[in-house]
Amino acid sequence: MPTIRIDDKDYEVRDGKNLLESCLALGFDLPYFCWHPAMGSVGACRQCAVKVFKDEQDTRGRLVMSCMEPVKEGLRLSIVDPAAKAFREQVIEWLMTNHPHDCPVCDEGGSCHLQDMTVMTGHDYRRYQYRKRTYQNQYLGPFIHHEMNRCIQCYRCVRFYRDIAGGEDLNVYAAHDHIYFGREKEGVLQSPFSGNLAEICPTGVFTDKTLKAHYTRKWDLTNAGSVCPHCSLGCNIFAGERYGEIRCITNRFNSEVNGYFLCDKGRFGYEFVNSENRIRQPLIRGRLVDAVSEDQLLEYLRHLTGNGNIIGIGSPRASVETNFSLMQLVGIDNFYQGVNEDTAFLQKRVTDILESGTLRSNSLRDIESSDAILVLGEDIWNTAPIMALTVRQSVMKTAFSQTVQQISLPSWNDIAVRELTQEARGYLANAGTSGSPLDKLATHHVQAAPDDIARMGYAIAAHLDPSLPPLSKQENELTARTGEIALALSLARKPAIISGISACNEAILKAAYNIAWALKRMGKEVGISYVLPECNSMGLALTKAPSFEKALGRLERNTGTTVIVAEQDIYRCLPEEQAEMFFSKCGKIVVLDVLHNRTTERAHVLIPSASFAEGDGSFVNNEGRIQRFYKVYAPENNNVIEGWKWLERIGGGNERIDQLHTMIEKGLSQFAGISTEAPAAGFRIHGEAVPREPHRYSGRTAMWAHLQVSEPKPHQDNNAPLSFTMEGYKGIPPAAIIPFYWAPGWNSVQALNKYQEIPGGKLTGGNPGVRVLNESAEPRGDFFTDMPEAFSARRGRWLLLPAYHLLGSGEMSMESRGIAELSPEPYLALSMQDAVAMNATTGSTMVVQIMGKAYSLPLKIAETLTDGLAVVPAGLPAMPVLPFGSWVEIVKK
Amino acid sequence: MLSHIRTMWLVFLHLFRKKATIEYPEEKVKLHPRYKGRIVLTRDPDGGERCVGCYLCAVACPVDCIALQATEDEQGRRYPEFFRINFSRCIFCGYCEEACPTYAIQLIPDFEMAEYRRQDLVFEKEDLLINSQGKYPGYNYYKVAGMDAGVKAKGTGKNEDPPVDIHSLLP
């Protein structure tokens, strides 16, 4: 650790960093624009100037850009030097000559890095009396608003969009002081990570358009740390509320999970919380008046659940607590997973592999630091977008680290490193049923049928491990590449294997395991990731409960069984006839859910349950990390409470989450550690809770004054060390309960620097979340040897596979207008050869025949699809649930 | 003893001074134009609402008695969807007026707003908006702001160059 001297005082700093990072890590306020911890330095904005002195005798010094200057032992610098300060102020003054007088109507105001930096440098008066440059704006789609006048030319947007996210449709145009950041033509931004522009842009050029529709300043939001409910990665988010509505989602940094970025589904998929379609009133149907009070409801339910003939259906999108409370209420033998047999089977395979402790379950950070990646049969771009972004960073970083080894160049010197690296990439092999944007980065990419992908996986493992039976001579051309893939993996220090269940194929999961285990036996630091469909799929799978179809069998044996369904739409996990059959066999049906859907229509008793924003709970992500989400606000409507609270009320249990966690640990040992995921509700700092509202929160005495002029008592929170007020501890709380980022002088999201050990490093005191799936010290394992038969197309029949769409396949996210607007229409994709054989062209109506039912879909020709496969989008509201992974008949209408 | 007599003498002298009290409410008090009384929302010279819903008055308010919600018309002009002041909390400090970047919120020389019921002191936008520019005539924020909100096109405002032609490479 070198020692540097800042303003005549010695400080120890980390080696290999630049001066700007080091100064920020030490707590100094040094202004900057173009530097970003995830993107490195380019020295474009000239804002972070400091004075560096040659030695003790040097009194003149020289101005340098601190982001471009590496740390050296004994380096002497001054931040407060008058020349450096004047330089920084003048740079801001130049930037501000063209900055419009927009702050009052700019959405960035109050969380604006440019505002913060202007105040920080002391520039407070515009001396320049001449004209300002102006630009025309562009329409960039439903998520991002463009206001180009506000630009300060820091290049962060294009560096993020092109270098980090791999997008191609945002660029910089024109020349000299006319440069323009936008698209070649107006239109929707194509990258699914475009929402990050709102956070990356240090000023108000790119802002969140969904927030604009119900605009609230950052200081007026009631916030809490939460976990994204839209996919299995469990990205950490902040949700902000005002007037009983969620207003925006921003990124909550967790260096082991999502880092600095979110996908558009996570950022803009929050509108379901505010939806008209929410269930808000408990109902007992079939009475004179359906709507009932809580007491009536509980009395009825206690009577109903008293007779013992009862089963519970858990859900992959309900919290761990809700599933556990349901399990407790109905009894552990009467609890079933609310997923179909195939999914439950595949998820069980995943949990069996990960729980055995043979392999490390990779966090996203592990993937980012890997030097070779194999994606086997999972379309992570659509099912786990931030994982795809991480894979991209990993591939780039591997190439960069090879570059900086060849020549002495610091890794943060972004432009130089990229320039030298050119088109070189780290190793990525991407095998899937249909093409992916990741293919552009991949050294090898393969499109094949699931069985062939699995065979390829088995073949790679056989190449890697001599103890496996050698492969028989394979006709399939895929296996030709297996040798190259195996070689690349065997050369890596830290390979990562990624797979998932969206291909509906168990052999792929086994093949991924085989490869990872073979690499492990070679002594590699290997890890594996399995992508699952929903936010708490792992949490539900870990309960080991039987699947939904088992419940169906049981209902056939016992008539009049009461069924409690917790937050799952049965019509989305089973084909319609089976769902109908299920409901026809039930006795009374009790449904708890967030939104009205077809299952809630069938409910005899309907109970409103809280979404992630109004409730406390935990999700287990695909890595096996239990993460806590906090109630963001207490809704006016007392009926909207967490599913687990309702279930505890019915059973007469407790409503304290901490006690529930203790019971979960007792009842289900696989969740051991859940009680340590976050500080207990009684946790206080200097006797104070942590406020959910910033200290500048406005309007407390007027917000609800039209209803009742006396202010109501603030809602009390028994389940979190957070208060629903602006009073409380103002410093930096433990990472798990941070409600928003703010530090004196830092109002924008960049205040995050103050919450990290070093910029870009982990949060002070450690990242939140507890891993429950850990690698054992002495791993022991066996290979799977049951390689599937090669795929062969059948005559007149096609293997039906799902295509997940980032914007469209999510049940909840489709309530967001922007996401619904960008989601695809239903279609059926076939290979070119299959389409030609049926004399069909793009747009022809195709009829899929499944179990006597016919579904008409327009044809889309997928060039890269294997013959004999038929792909339809999964999870669209307009799409029926189809038996994916089975063979279907398709004819042209 | 001497001080008592002195006091009585001074009080006696006041009999011949000019009266400071007036017969309110029959006689109205004369207030300075900058007196900080009733809060109003004013309009710009073109008759549009001056308030752009920036929330600065609300955040400046030391008693948090201002609540509003910004919204936009089709042309992107911001205005408050509702604007509420709880006068039962207001201390008439004038910070809201100082914070307002558009001269929308102003305190005027009128204090006659007593009510029997506290609830009646909650004023909505309809109660606050007046048909006048108030103390600062001639200012229209959207004419000097950079954005196009239907008041002026891009580059036609005061001290603005016409929009950049991004296809040009000329210096």
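Me: How many residues of domain 3 of chain A are in contact with domain 4 of chain A?
Reply: In this predicted model, 15 residues of domain 3 of chain A are in contact with 12 residues of domain 4 of chain A. The C-alpha centres of these two domains lie 28 Å apart.

Me: And where do those domains run in the chain?
Reply: The domain assignment of chain A places domain 3 at 360-525 and domain 4 at 797-892. It also gives domain 1 at 3-97, and a domain 2 that is written in two pieces, 283-344 and 540-770.

Me: What does UniProt say about residues 83-122 of chain A?
Reply: An unreviewed UniProt entry annotates residues 83-122 of chain A as "domain: 4Fe-4S His(Cys)3-ligated-type". In the model that span is 60% helix and 0% strand, and its end C-alpha atoms lie 14 Å apart.

Me: Changing topic, how many cavities of 30 Å³ or more are there?
Reply: The count comes to 17 cavities of 30 Å³ or more. The largest cavity holds about 460 Å³ of space, while the second largest cavity holds about 200 Å³.

Me: Which residues lie nearest the centre of the largest one?
Reply: Those are S111(A), K218(A), C248(A), T250(A) and V749(A), out of the 32 residues that line the largest cavity. By type, the lining of the largest cavity divides into 14 nonpolar, 11 polar and 7 charged residues.

Me: Which strand or helix gives the most to that lining?
Reply: Strand β13(A) gives the most to the lining of the largest cavity, with 4 residues. At least two lining residues each come from α5 (197-200), β10 (206-208), β12 (236-242) and β13 (245-251) of chain A.

Me: What about the second largest cavity, which residues are closest to its centre?
Reply: About 200 Å³ of space lies in the second largest cavity. Of the 19 residues that line the second largest cavity, R317(A), E567(A), A610(A), S611(A) and F612(A) are the closest to its centre. The lining of the second largest cavity is made up of 10 nonpolar, 5 polar and 4 charged residues.

Me: Let's go to chain B. Where does UniProt place the "binding site"?
Reply: The unreviewed UniProt entry places the feature "binding site" at C51(B), C54(B), C57(B) and C100(B). Although these residues are spread over 50 residues of sequence, they cluster in space, with a largest C-alpha distance of 10.3 Å.

Me: Take C51(B), is it buried or exposed?
Reply: C51(B) counts as buried because its relative accessibility is 8%, and the cut-off for buried is under 20%. C51(B) lies in the loop between β1 (39-41) and α2 (56-60) of chain B. Leaving aside neighbours within four places in sequence, the residues in contact with C51(B) include R78(B), Y79(B) and F83(B).

Me: And where is C57(B)?
Reply: C57(B) is placed in helix α2 of chain B, and C57(B) is buried, with a relative accessible area of 9%. Beyond four places in sequence, C57(B) is in contact with I66(B), L68(B), F83(B), C96(B), A99(B) and I105(B).

Me: Last one, in which strand is Q106(B) found?
Reply: Q106(B) is found in strand β4 of chain B, residues 105-107, and Q106(B) is buried, with a relative accessible area of 0%. Not counting residues up to four places away in sequence, Q106(B) touches several residues, among them R38(B), I39(B), E97(B) and Y136(B).

Me: How far apart in space are Q106(B) and D120(B)?
Reply: From C-alpha to C-alpha, Q106(B) and D120(B) are 21 Å apart in space, and in sequence they are 14 residues apart.

Definitions and conventions. Residues numbered from 1 in each chain as written. Chains lettered and ligands numbered in written order. Predicted model: local features only at pLDDT ≥ 70, side-chain atom pairs only at ≥ 80, totals over all residues. Heavy atoms only, no water. UniProt positions renumbered as here; feature names shortened; annotations may be inferred. Buried < 20%, exposed > 50% of the residue type's maximum accessible area, 1.4 Å probe, protein only. Contact = heavy atoms within 4.5 Å. 1 Å grid on protein atoms, 1.4 Å probe; cavity = no way out; pocket = protein on both sides within 12 Å on 5 of 7 lines; lining within 4 Å. Points joined across faces, edges and corners; volume = space filled by probe spheres on them. Nonpolar A, V, L, I, M, F, W, Y, C, P; charged D, E, K, R; others polar. Domains from an automatic or database assignment.
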